[in-house]
Amino acid sequence: MKNKLLPDTQNTKDMRNIVINQVGIKDILHPINFVNRDNESHPSVANFTMTVELPANVKGTHMSRFIEILNDGECNFGVESFMDLVQTVADKLESTDALVIVEFPFFRNKKAPSSGVQSLLDYQATLTGSVVDGKSELTLKVVVPVTSLCPCSKSISKYGAHNQRSHITIEAKAAKGSIIYLEDLIDLAEQKASSELYAILKRDDEKVVTERAYENPAFVEDIVRDIAVELNSDKKINYYCLESENFESIHNHSAYALITNQK
C-alpha cells in the first residue's frame with residue numbers, strides 16, 4: 001500500500017515536446033548461453049546496450065525493466081532467436097522502436113592441422129537487432145584473427161617473408177527470408193587469409209601453418225577483394241561491410257582496407 005503513495009516522476013508528462021531517439025542502459029555485463037550454427041549452446045559473458053524511443057510527452061523510461069528482461073530466467077539466444085529478445089524489449093517498455101546490441105567472445109573448438117590437438121579460439125562477435133515501427137533488422141559482426149604473409153616480401157627475398165597477425169572484420173545483414181551464422185563469416189575469413197590461427201600448435205602443426213602461409217601470400221587488398229567476391233555472390237547476404245587490418249611486423253603502422261556493398 002505504501003508504494004502506491006510514492007510519486008511516479010518518470011511517468012509524468014514532459015512539456016518540452018522533444019522525442020528521444022534512444023534511451024536505456026549501456027555497458028551492462030550479463031551471462032548468456034549462445035546457440036551456435038549446430039544448435040549447440042555455449043556459455044559466454046556479454047556486454048549489452050538496450051534502448052527504446054521515448055515519446056515527446058513522456059519524462060522518462062523505465063530503466064529497471066531492461067535489467068528485469070535480462071534476469072528473467074537464463075539469457076539464451078542464437079542468431080535465429082535474437083530478435084525475440086529485441087521484441088521483448090519493445091513490448092516491455094511499451095515502445096514501437098527498440099535496439100539491442102550485444103557484444104561477446106564467441107568460442108570455437110578447433111583441431112590443429114596435423115596433430116589434431118583441440119583448443120578453443122575466441123572471436124569477438126556483435127549482434128545488433130532493431131525494431132522500428134514493427135520492422136525488424138538484424139546485423140551480425142565478427143572479428144576474425146588470422147595470419148597474412150606479404151607477397152612483395154616473398155618475391156624480393158632470397159629466403160623467408162615477413163608476416164603479421166591480421167584482423168578481418170565482417171559485418172553483414174541477411175536477405176529477407178535468409179539466415180547467416182557467425183560461423184559462416186568466420187569460415188570465409190579464415191579461408192581467404194594466408195593462414196588461420198590456432199590456440200595450440202605442436203611442432204608438426206607449426207610446420208604446416210608456416211608453410212601454408214608462405215604458399216598463400218596476400219596483401220590486405222587481396223584479402224578484402226577475395227572475401228568480397230564470395231559475399232557478392234552469396235544471395236543470403238544483402239549488405240556487408242568488410243575490413244582487414246594487418247598489424248605490420250616491419251612497420252610501426254597497420255595496413256588497412258575496407259569494402260562495403262548494399263545489394
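Welcome to this structure, and let's start on one helix: Asp205, Val209 and Ala213 are buried in H5, where buried means under 20% relative accessible area, exposed means over 50%, and partly exposed lies in between (1.4 Å probe, protein chains only). Seen down the axis of H5, these buried residues fall within an arc of 65 degrees, so they line one face of the helix; the arc is that of the directions from the helix axis to the C-beta atoms.

This is a predicted model, in which local features need pLDDT of at least 70, side-chain atom pairs count only at pLDDT 80 or more, and totals for chains, interfaces and linings use all residues. Residues are numbered from 1 along each chain as its sequence is written, and side-chain values use heavy atoms, with hydrogens and water left out.

**The whole protein**

- The protein has 6 helices and 10 strands; helices (H or I, at least four residues) and strands (E, at least two) are DSSP runs, numbered from the N terminus.
- Of the 263 residues in the protein, 43% are buried.
- Taken along the principal axes, the box filled by the C-alpha atoms is roughly 80 × 40 × 35 Å.

**Helix H5**

- H5 covers residues 203–215, and at 1.5 Å a residue its 13 residues should span 18 Å, which agrees with the 18 Å between its end C-alpha atoms. The expected span is 1.5 Å times one less than the number of residues.
- Arg203, Lys207, Thr210 and Glu215 are exposed on the other side of H5.
- Asp204 also belongs to H5, and this residue is partly exposed, with a relative accessible area of 37%.
- Asp204 and Asp133 are 71 residues apart along the chain, and their C-alpha atoms are separated by 56 Å.

**Helix H6**

- H6 runs over residues 220–233; its 14 residues should span 20 Å at 1.5 Å a residue, and its end C-alpha atoms are 21 Å apart, which agrees.
- The buried residues of H6 are Val220, Ile223, Val224, Ile227, Ala228 and Leu231. They cover an arc of only 120 degrees around the axis, which puts them on the same side of H6.
- An α-helix has 3.6 residues a turn, so residues three or four places apart point the same way.
- Arg225, Val229 and Ser233 are exposed on the other side of H6.

- E7 and E9 pair in the antiparallel sense over 9 bridges; two strands pair if DSSP finds at least two bridges between them.
- Ala174 has Ile237 as its bridge partner in E9.
- E9 is also joined by 9 bridges to E10 (residues 254–262), and these two strands run antiparallel.
- Leu242 stands opposite Ile259 in E10.
- The hairpin that joins E9 to E10 passes through 6 residues.

**Pockets**

- On a 1 Å grid over the protein atoms alone, a pocket is an open set of points with protein on both sides within 12 Å along at least five of seven lines, while a cavity is a set where a 1.4 Å probe fits but cannot get out; lining residues have an atom within 4 Å of a point.
- The largest pocket has a volume of about 500 Å³, a volume being the space filled by probe spheres set on grid points that are joined across faces, edges and corners.
- The largest pocket is lined by 20 residues, and Ser136, Glu137, Leu138, Ala174 and Ala175 lie nearest its centre. Strands E6 (135–149), E7 (163–174) and E9 (237–247) each give two or more residues to this lining, and E6 provides the largest share, 5 residues.
- By class, the lining of the largest pocket has 10 nonpolar, 5 polar and 5 charged residues. Here Ala, Val, Leu, Ile, Met, Phe, Trp, Tyr, Cys and Pro count as nonpolar, Asp, Glu, Lys and Arg as charged, and the others, Gly among them, as polar.
- The second largest pocket holds about 270 Å³ of space. Among its 15 lining residues, Ile69, Leu70, Asp72, Leu85 and Thr88 are the closest to its centre.

**The cavity**

- The largest cavity has a volume of about 40 Å³.
- Phe34, His42, Pro43, Ser44, Phe104, Pro105, Phe106 and Phe107 line the largest cavity, and E4 gives the most to this lining, with 4 residues.
- The lining of the largest cavity has 6 nonpolar, 2 polar and no charged residues.
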